[in-house]
Amino acid sequence: MPFPKHIRLVEVGPRDGLQNEPNPIATATKLELIDRLGGAGIAYIEAASFVSPKWVPQMADHRQVMTGLTRRPGVTYAALTPNLKGLEVALECGVEEVAVFGAASEAFSQKNINCSVAESLARFEPVLERAKQAKVRVRGYVSCVLGCPYEGAIAPAKVAEVSKALYEMGCYEVSLGDTIGVGTPLAAKRMLDAVSRDIPMDKLAAHFHDTYGQALANLYAVLEEGLGVIDSSVAGLGGCPYAKGASGNVASEDVVYLLNGLGIDTGIDLNKLAETGTWITNTIGQPNRSKVGVALAAK
Ligand code: HMG
Ligand code: MG
């Protein structure tokens, strides 16, 4: 299948990238990061997470982040909302889009959101209803699509089942999370093949962490299958607090460089994005995990 002419990037750095940071990060730093990402041409930024501050302290300033944003025209600022409580606060803060997050693994669901997969789906129903009333679109995440830190291998059929439930509930797009970055290209293709039997390919996104260094190869594999939306994190920041050892998402700079090379348009200024990666990693004292970012900074 020929590659699409355009790929949509979902920048999750301010949320997935920062949620696991051990040291407090100033709200002003988060706001500057979000603004710089918008300035680099990123049109969709997951900016915050309306989860319990006891569970994820780093996202405790979600109100300040969401209300403190300088909104750029054409940019969507989204947030995670695991339940109605989170959604109500997010709506008060003027969120434009939200995301619910489930898992293809029972054990991960319990550790991450304190309920079973079935309970989580039941909990998301009223979130979708309320969001619909408020005319806010909802994205759905499925974690552990290529493996679970607690259960190991995950059957593609289970990923397909949970994805289908989210899609049928009204999620406009389902993002497939390799939470612990264990996937390899053939496994990614097989998983996508199972999911795309029930959900149109243009309603699916890839959310691959790069723990084992396979994320770019896995992305190339699913691009070949026709997938058109990629989640990534500037400088490869991040990890999930409930998936020990999981490193960041695939770096946004590396994805843009790959897509540029394939002649696929993203609308993103790679140099500005790379400068943002250098700035945020210097500011929070983390290594830059984007090879492209490091290479461009050394020029
Ligand atoms: P719970 O303890 O079962 O919830 O947590 P509860 O309803 O029993 O409430 C307990 C307390 O939490 C109460 O406060 C509630 O008010 C409060 P208390 O009375 O004890 O003071 N609470 C909230 N506070 C703020 N915002 C809320 C909220 N809800 C309840 N929305 C809950 C259930 C889902 C809240 C909890 O488990 C949680 O916050 N989990 C978040 C975990 C998380 O954020 N993980 C990382 C994001 S997911 C991810 O990274 C994967 C992804 O990137 C894809 C991939 O890579 O695979 C998306
Ligand atoms: Mg993630």
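Buried here means under 20% relative accessible area, exposed means over 50%, and partly exposed is anything in between, using a 1.4 Å probe and protein chains only. This is a predicted model, so local features need pLDDT of at least 70 and side-chain atom pairs count only at pLDDT 80 or more, while totals for chains, interfaces and linings use all residues. Residues are numbered from 1 along each chain as its sequence is written, chains are lettered from A and ligands numbered from 1 in the order in which they are written, and side-chain values use heavy atoms, with hydrogens and water left out.

View 1. Distant parts of the chain are linked here: Asp16 belongs to helix α1 (residues 13-17) and His207 to strand β7 (residues 204-208), 191 residues apart. Helices (H or I, at least four residues) and strands (E, at least two) are DSSP runs, numbered from the N terminus. Asp16 is buried at 3% relative accessible area, and His207 is buried too, at 4%.

**View 2. Met66 in the largest nonpolar core**. A nonpolar core is a set of buried Ala, Val, Leu, Ile, Met, Phe, Trp, Tyr and Cys residues joined through side-chain atoms within 4.5 Å. This one has 102 residues, and Met66, Val159 and Leu176 have the most contacts inside it. Helix α6 (residues 117-133) supplies the largest share, 6 residues. Contact means heavy atoms within 4.5 Å. Leaving out residues up to four places away in sequence, Met66 touches, among others, Ala47, Phe50, Arg71, Tyr77 and Cys93. Cys93 is itself buried, with a relative accessible area of 7%.

**View 3. Helix α4 (residues 84-92) and its buried residues**. Gly86, Leu87, Val89, Ala90 and Leu91 are the buried ones, and they pack against α3 (62-68), β4 (97-103) and α6. Leu91 comes in at 19% relative accessible area, so it counts as buried. Beyond its neighbours within four places in sequence, Leu91 is in contact with Arg130, Ala134 and Val136. Leu91 and Val136 are 45 residues apart in sequence but 8.6 Å apart in space, C-alpha to C-alpha. Just after α4, Gly94 takes a positive phi of about 80 degrees.

**View 4. The aromatic pair of Phe3 and Tyr220**. The structure holds 1 aromatic pair. Its geometry is edge-to-face: 5.5 Å centre to centre, with 70 degrees between the planes. Rings of Phe, Tyr and Trp (its six-membered ring) pair if their centres lie within 6.5 Å; planes under 30 degrees apart count as stacked, over 60 as edge-to-face and the rest as tilted. Phe3 sits in the segment before β1 (8-11) and Tyr220 in helix α9 (residues 215-224), 217 residues apart. Phe3 is partly exposed at 27%, and so is Tyr220, at 32%.

**View 5. Cys144 and Cys148**. The structure holds 0 disulfides, a disulfide being a pair of cysteine sulfur atoms within 2.5 Å. For Cys144, the nearest cysteine sulfur is that of Cys148, 4.3 Å away. Cys144 is buried, with a relative accessible area of 0%.
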